Amino acid sequence: MTAPPRAVQTAVLAALAVLATGCAAGGPALRARSAAATPACHAPVVIGHRGAPRNAPENTMASFETALDQGADWVETDVQTTRDGVPVLMHDPTVDRTTNGKGAVADLTAAQVAALRVTVGPGAAQPVPTLEELLKRLSGSSATLLMEIKWQRPEDVARIARLAAGSKAHVILYSFSADHLRQAHAVAPALPVVLIQGGGIAEDPGDLKLDGIALDAGLATAARIAAERKAGREVYVWTLDDEESWQLMTARDADGLITDTPGPARRWVDTDCRTEHRAGPRGH
């Protein structure tokens, strides 16, 4: 495979070191797997989409902890910014769908968001985490954070990138917006950047050097994945929640499986993965 970027290699070594010693910082709820079965292939990384949203309310600390307890290598989240400039973890631009409140995140203060509870998904309602809270919790662990910067003001994008770069967590920045990635890269050049592309949103990155690309499953053909990897970009595919999808994208040589079901995906990768043509480590 094409050699991963230096930031990727560094994070790989850190993760392998933790796994080799059978421990990880941050407590048992946030450790990466340390004793998983040896996979039959060189496996893609398992990425918990908004944590483990079928087991706990999405984008909450309970969801992230559950995903990593289930063996996810990475967790994925979404970042919005409050009216007073605090990055919080929320997929939608409003709090209406996911919480017991109403209104746009950008119109609410951090204190107002902190008073809300995430109610979508199974289990008890949970607080809305701040980005800083998740970065602190992941600091020093082997887990990687795949962090989506949602559409927002340039100054908010810069603030998010600086916060991530200043943490001791392994962070990859990704976004549907090539402009946001440029803005983030300008203030945090050491962090890998990944462009998200879906069927209806597929921006051209222009001269922006990408470390990876996140493709909707409908775009992730064997030819597209091969072309991206030939260009030196890792490929993460979303959202894959069944064995047929995991097998197909592994056979096509995807680097990461973004899934709402990290537990079953982990078990499949460790026990049923059968593509054996890869050589060498990948992931962060």
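This is a predicted model: local features need pLDDT of at least 70, side-chain atom pairs count only at pLDDT 80 or more; totals for chains, interfaces and linings use all residues.

Student: Okay. Is Thr-77 buried or exposed?

Tutor: The cut-off for buried is under 20% relative accessible area. Thr-77 comes out at 0%, so Thr-77 is buried.

Student: And which side chain does Thr-77 make a polar contact with?

Tutor: Asn-59: the two side chains are joined by a polar contact of 2.9 Å. Asn-59 also turns up in the contact list of Thr-77, which includes Phe-64, Leu-89, Leu-134 and Glu-148, with neighbours within four places in sequence left aside.

Student: What about Gln-80, where is that found?

Tutor: In strand E2 again, which covers residues 74–81. Gln-80 counts as buried because its relative accessibility is 7%. A polar atom of its side chain lies 3.1 Å from the backbone oxygen of His-91. Not counting residues up to four places away, Gln-80 touches, among others, Val-86, Met-90, His-91, Val-105 and Trp-151.

Student: Now the rings. How do I describe an aromatic pair?

Tutor: You give the distance of the centres and the angle of the planes. This structure holds 4 aromatic pairs. Take Trp-74 and Tyr-236: their ring centres are 5.2 Å apart and their planes meet at 65 degrees, so the pair is edge-to-face.

Student: Which strands does that pair link?

Tutor: Trp-74 is in strand E2 and Tyr-236 in strand E10 (residues 234–238), so distant parts of the chain, 162 residues apart, are linked. Both Trp-74 and Tyr-236 are buried.

Student: What is the geometry of the pair formed by Phe-176 and Trp-238?

Tutor: Edge-to-face, with 6.2 Å centre to centre and 90 degrees between the planes. Phe-176 is in the loop between strand E7 and helix H6, while Trp-238 belongs to strand E10, so the pair ties together parts 62 residues apart in sequence. Phe-176 counts as buried, since its relative accessibility is 13%. Ring pairs also join Trp-151 with Phe-176 and Trp-238 in a cluster.

Student: Zooming out, how many helices and strands does the chain have?

Tutor: The secondary structure comes to 9 helices and 11 strands. Of the chain's 284 residues, 52% count as buried. Among contacts between residues at least 6 apart in sequence, 59% join residues at least 24 apart.

How values were computed:
Residues are numbered from 1 along each chain as its sequence is written. Side-chain values use heavy atoms; hydrogens and water are left out. Helices (H or I, at least four residues) and strands (E, at least two) are DSSP runs, numbered from the N terminus. Buried means under 20% relative accessible area, exposed over 50%, partly exposed in between (1.4 Å probe, protein chains only). A polar contact is a pair of N or O atoms within 3.5 Å; within protein, one must be able to donate a hydrogen and the other to accept it, and residues adjacent in sequence count only if both atoms are side-chain atoms. Contact means heavy atoms within 4.5 Å. Rings of Phe, Tyr and Trp (its six-membered ring) pair if their centres lie within 6.5 Å; planes under 30 degrees apart count as stacked, over 60 as edge-to-face and the rest as tilted.
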